Amino acid sequence: MAAAPVHCGMQIFDALRLPRDWLWVQSVIAVSLAVLLALAAHAITMRLLLRAGRRERRGARETVIGRVRRPLQWLFVAIAVSFVSRALPMDRDLRELWERLLGFVFPALMGWFGVGVVAAVRLAVDLNTDITVEDNLHARRRRTRVQILGRIGSFFIAFITICLMLLSVPGIRTIGVTLMASAGIAGLVVGAAAQPALKNLIAGIQMAFTEPIRLDDVIIMDNEWGRIEEIRLTFVVVKLWDERRLVVPVSKFLESSFQNWTRETSQLLGSVFWYFDPATDIAALREIVGQAVQASERWDRRFWNCQVTDVTADAIQVRGLMTARDASTAFDLRCEVREAVLARVRAEMPAALPRRRVLMAGEA
């Protein structure tokens, strides 16, 4: 099988009437021309990809295509050199070594290109979905799903690439087959040891479709308030309100209960509690609360109210409800209204502040 290309290469160089000592020079020239043609074809392909589509999106296309530019360039070169090498004069041992080298390099380049394509798709989705807008539920859903599936796809591409590279070497392929035939007990041991990792891996795949959380979701986990900052293959990073990071295994979001404040919408209903004297004029207090809520730019104009929710021996509990467009705004709105109502009560209704009454001996 290897003699046919060698004989063909010899005939080509004999037809050119070149000395046999110059064959290696001609081989270098042929490979160089193949590399130049491959680079030219790659440049033309990149130019066509950049010009496709709308002109105002060219900057985004350059960023996305930049993820596959380098691996595609090397892939073009490898394919061109592979075709040219079939016509080059080589002896049997050199050709066998060359074919093994190509069998080792091609899977690596294809895997590199596949990972680049996955990264380009993820980047394209990130550029086309804006999560800074108020109604960002659809954008966060797309980003979360693409990010999780992209990490899973990159993992499997890398795994298949390594397997193909190892199978291209006969010695390693034989060892691999032998190990696979006698790996019963070892497989059970490894499976038991890797159970937590496999559990989180499967949970990550399940999370990509069930979507209990998404990027930028506001959650309460382990009595900590924070936002989903990053979703990895086996763990999730939650950015807490005080800039700390809470790292949570993926499986915990499927096995434990947690609060998701932005599951369907980012709009929230916030509450503020005050404690006043039982003799307080509730109608006047309700008017003060309403004016404080309506004067705030953080209120989204959907709903507010003020009610007495509890009575004790020394004070009454007054609750104010108000709506906001998201969790951060709701927190700031609650603080603003709480401070404004206390300031108005101190200035206009000081008798409403709670006090402790003591009945002295001899008083009626």
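**Figure 1. Buried positions of helix H4 in the predicted model.** The buried residues of H4 are Arg95, Leu102, Pro107, Leu109, Gly111, Gly114, Gly116, Val118, Ala120, Leu123 and Val125. The model shown here and in the other views is predicted. Helix H4 covers residues 92–128, and its 37 residues should span 54 Å at 1.5 Å a residue. The end C-alpha atoms of H4 are 53 Å apart, which agrees with that expectation. For context, the protein contains eleven helices and eight strands. Buried residues account for 33% of its 364 residues. Among contacts between residues at least 6 apart in sequence, 65% join residues at least 24 apart.

**Figure 2. The open sheet of five strands.** The strand order is S4-S3-S2-S1-S5, and the pairing is antiparallel. Strand S4 (245–249) and strand S5 (259–260) are the edge strands, each pairing on one side only. S2 pairs with strand S3 (residues 235–240) over five bridges in the antiparallel sense, and Gly226 stands opposite Leu240 of S3. S1 and S2 also run antiparallel and are joined by four bridges; here Met221 stands opposite Glu224 in S2. Between S1 and S5 there are two bridges, again with antiparallel strands, and Ile219 stands opposite Asn260 in S5.

Figure 3. Asp222 is found in the loop between S1 and S2. The hairpin formed by these strands has two residues between them. Asp222 is not a glycine, yet its phi is positive, at about 55°. With a relative accessible area of 45%, Asp222 is partly exposed. Glu243 is found in the loop between S3 and S4. Its phi is near 75°, a positive value in a residue other than glycine. Exposed or buried? Glu243 has 51% relative accessibility, so this residue counts as exposed, the cut-off for that class being over 50%.

Figure 4. The strands follow the order S6-S8-S7 with antiparallel pairing. Strand S6 (268–276) and strand S7 (304–311) are at the edges with a single partner strand each, so one side of each has no neighbour in the sheet. Direction ignored, neighbouring strands of this sheet are turned by 25° against each other on average. Seven bridges link S7 with strand S8 (residues 316–324) in the antiparallel sense. Among the paired positions, Gln307 has Arg319 in S8 as its bridge partner. Helix H10 (residues 282–294) packs on the sheet and touches S6, S7 and S8. The direction of H10 makes about 140° with that of S7. Helix H11 (residues 327–348) also packs on the sheet, touching S6 and S8. The direction of H11 makes about 25° with that of S6.

Figure 5. H11 has 22 residues and reaches 31 Å from its first C-alpha to its last, close to the 32 Å expected at 1.5 Å a residue. Its buried residues are Ala327, Thr329, Ala330, Leu333, Val337, Val341 and Val345. These positions cover an arc of only 135° around the axis, which puts them on the same side of H11. An α-helix has 3.6 residues a turn, so residues three or four places apart point the same way. The cover over the buried residues of H11 includes strand S1 (218–221), strand S2 (224–231), S6, H10 and S8. On the face of H11 turned away from its buried side are the exposed residues Phe331, Glu339, Arg346 and Ala347. At the N-terminal end, H11 is capped by Asp326, with a side-chain oxygen 3.3 Å from the backbone nitrogen of Ser328.

Figure 6. Thr280 lies in the loop between S6 and H10.

Terms used. Residues are numbered from 1 along each chain as its sequence is written. This is a predicted model: local features need pLDDT of at least 70, side-chain atom pairs count only at pLDDT 80 or more; totals for chains, interfaces and linings use all residues. Side-chain values use heavy atoms; hydrogens and water are left out. Two strands pair if DSSP finds at least two bridges between them. Axes are lines fitted to C-alpha atoms, for helices over the stretch in contact, and angles run from 0 to 180 degrees between N-to-C directions. Contact means heavy atoms within 4.5 Å. The expected span of a helix is 1.5 Å times one less than its number of residues. Buried means under 20% relative accessible area, exposed over 50%, partly exposed in between (1.4 Å probe, protein chains only). The arc is that of the directions from the helix axis to the C-beta atoms. A polar contact is a pair of N or O atoms within 3.5 Å; within protein, one must be able to donate a hydrogen and the other to accept it, and residues adjacent in sequence count only if both atoms are side-chain atoms.
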